[in-house]
Amino acid sequence: MTGTILFQAIVFLAGAVVCVPIAKRFGLSAVLGYLLAGILIGPFLLGFVGEEGEDILHFAEFGVVMMLFLIGLEIEPRNFWNMRKTIVGMGGLQVAATMGLSFLMFALMGFGWKVALAISMAVALSSTAIVLQTLKEKGLMNTTAGAASFSVLLFQDIIVIFMLGALPLLSVAGHSAESDDHHGGINLLEGLPLGLQTLVIISSVALVVLAGRYLFVPMLRLVARTGVRELLIASALLIVLAISLLMELAGLSPALGAFLGGVVLATSEFKHELESTLEPFKDLLLGLFFMAVGASINFVVVGENPLMISGLVVGIILLKALVLFIVGAVFNMKLDQRLLMTVSLAQIGEFAFVLFSFAFQLEILGRAVTDMMLVVTAISMTLTPILAILNERLVLPRFGTKESVERPMDEVEKSSKVILVGFGHFGNTVGRFLRAFGVEPTVLDFDSNRVDFLRKMGFKVFYGDASRMDLLESAGIAEADILITTIGNPGVTANLVKRVREKYPHVKLMVRAQNRYDAYELLNIGVENVYRESLDTSVKLASDVLSEMGFRKYTLHRQAQQFIRSDEESLRRLASQPRNEEAYIFKARQEIAAQEKLLEEDRRRGLLEDDHSWDSEQMRMAKR
Amino acid sequence: MKKVLILFAHPRFEQSRTNKALIQNIQDMEGVTFHDLYERYPDFHIDIPYEKNLLAQHEVIVWHHPFYWYSCPPLMKQWIDLVLEYGWAYGPQGNALAGKQCLQIITTGGSAKVYCSEGRNLYSINEFLRPFEQTARLCQMEYLSPFAVMGTHRLSQEDLEKFAWQYRQVIDYLQEGKSLQSLKDCVFQTDIPELSNLSKS
């Protein structure tokens, strides 16, 4: 039934297309959708995917590699260097403590020390794929917890090399299995003395860095000059695959190598091209990876020993969580950030699949133990998004930064008629200016560090996701006159605005929009006061340029205001024109068409020469 | 040598050939501060402490502007409203400008002929400028006879050069503290009508 590649492809794609939108519909993360899709199509439910699930897992790991390459692209080398202490400190502490505790646990359960050690190595690692994808999806990468999680994961990616190197030393048989493992490259270095191995590792890292600068960039330039778009895709893939191969040959983690490659290319002019080119591949492969994880949960093993398995899953997650929680405390993380990291990283990661199979080949682990641990790993990964939801909905509201803080009674409670959503760079300026007039807005923000600070500054702050109606209600939306939103994410803004308009039509909405297209959408929803962040500042810059070129400032000032007014008018005119919102794929083409229309309007309006204010020339002419 | 502050207000300076010609000669004179109000405050947000400080550093204050609707351009009025503060420029202890000289330099489209009781505008330039005169007086400044370049629409290039040269000479005289009375040929406005012109109009 599972014969052809075509059939397989259809099964996986259909699984994704069916399950992910359902998960999204219920407000769950896409990762969970993929995992459930995997379970659904796996050998134990529908049986569309059988034993070959494991091969797919290996193949899909390229999704993880690409993700790290893309993450690397977003990190400038200097920032990476600044992170080194967190990476080694936090990561080291987490891995050492988790390994120690789980070694104790498994030894106490009666496993031999070699088995316990092998298992504890795998247990110490978390899932880069799941954690980073989830954090990105929720926009949490830039929070304290996000950065800390990333550091720990990076350290794990590095330490796994040594774990893979150390495993053969534990081997009872004392020989390395003739491996058909995809990490077969490990054997390449096996015979070499330790010093030489280190040398190879260092030189291959150096090779990636040098190639990034002196090979990849010139190659990309050459390709760009040909103007053939698909060649760029080919070379982007080539870069990632080449780095992976090199890393495997040197016995390093391909993901780590790809990350390094990304960091090196982060400062190149191709950064954005590479990002947009690889993004779809990464997303597809990661989806495939998550589905493969779901499909690999062996329910037969679970059925044989349900108590043992569930006990292990719970035990390991608790153990990892405990260690992470303490690590967070050691590094002075705030409670809710710490909880977020704890819950994010508490699973066993995809590297465990590699370590367990390798240990099995080396005859350190028996068949039964290996199967069991593989199942435990897959289940713990599947549970991660669920735990995250529990943490977000049940734990954080109670123990984290409080959603609201009661102000002392003696303080004069000016009934705050203005609610300000979002206190980032944009909202910050809005709030400060309001405050300068003695208007104290009630602030809603989802960054707990900022919330604390704002409370110290005396703002009335509610903490949490502003798209939650109940939070808005406790912030007093029912009595508010004005709601200001300064959220950077247009999707969230539109959603929030729609719901407020439905339920509290009396509240005046003043909304930040990032660009024309957000503004169109907001205008069409019926929001009157839309503020494009890309309008006033750009016009100001242009007038300053013209001023530098010798134009009079007052004339520029007037014309700039005129320009802004005309642009607002054309925005409103164009917003009412029907557009095909569904044709998302052609958005770029649509935007170009819209740009054309704008330029055409400018042209029709003419240059600014027909400004006759204070123009004595006309009178002069009339007199002649 | 006295220091001269020229407060220049023209919302459309780039279009004014008369004022370009007038400014040309005095802009870079030593001891003269040329302060272009519309260029400095395109948003009408006047920096009051800066302006007061500037006034304090000069002995001669020149208001130079085109004559629009029998008055000054709005930014000049804004300047007067905001900078000449009560208790500083006038009122009790308002002596900051006391003893300074104040000269108004204007350009008008209409010729001198139309600014008299017999002409289209019915009143003389001096009569129209009474509010400024009184403003200066209230601030204890000496208000000099205004210098008016009139009929700008019909001025030839030679005329413009002549006025520009006169302007420079006026500033020179003010710097040296000489009386402007001796500058016989200059277009100072007094209420004594020129009899020869009157008969023609």
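This is a short tour of a predicted model, one selection at a time.

**Chain A as a whole**

Select chain A and colour it by secondary structure. The chain contains 27 helices and 6 strands. It has 624 residues, and 40% of them count as buried. Among the contacts in chain A with a separation of 6 or more, 72% are between residues 24 or more positions apart.

**Confidence**

Now colour chain A by pLDDT. The average is 79, and 86% of the residues score at least 70. Select residues 174-187 of chain A, where the pLDDT is below 50; this stretch still has 22 contacts in the model beyond near neighbours in sequence. Then select residues 582-586 of chain A, where the pLDDT is also below 50; here the number of such contacts is 0. Where pLDDT is low, the predicted coordinates should not be read in detail.

**The sheet**

Next, show the strands of chain A. In what order do the 6 strands of the open sheet lie? Going across, the order is β3-β2-β1-β4-β5-β6, and the pairing is parallel. At the edges are β3 (460-463) and β6 (529-532) of chain A, each of which pairs on one side only. On average, neighbouring strands of this sheet are turned by 20 degrees against each other, direction ignored.

Zoom in on residues 418-421 and 442-445 of chain A. These are β1 and β2, which run parallel and are joined by 3 bridges. Show the side chains of Leu420(A) and Val443(A): Leu420(A) stands opposite Val443(A), which belongs to β2(A).

**Two helices across the sheet**

Helix α23 lies across β5 (508-513) and β6 of chain A, at about 175 degrees to β6(A).

**Phe290**

Move to helix α13 of chain A, residues 271-295, and pick out Phe290(A).

**Where chain B meets chain A**

Finally, show chain B. Here 14 residues of chain B are in contact with 14 residues of chain A. On the side of chain B that touches chain A, the residues are 4 nonpolar, 5 polar and 5 charged.

Notes
Residues numbered from 1 in each chain as written. Chains lettered and ligands numbered in written order. Predicted model: local features only at pLDDT ≥ 70, side-chain atom pairs only at ≥ 80, totals over all residues. Helix = DSSP H or I, 4+ residues; strand = E, 2+ residues; numbered from the N terminus. Buried ≥ 20, exposed ≤ 12 C-beta atoms within 10 Å, placed from the backbone. Contact = placed C-beta atoms within 7 Å. Pairing = 2+ DSSP bridges. Axes fitted to C-alpha atoms, helices over the stretch in contact; angles between N-to-C directions. Nonpolar A, V, L, I, M, F, W, Y, C, P; charged D, E, K, R; others polar. pLDDT = per-residue confidence, 0-100.
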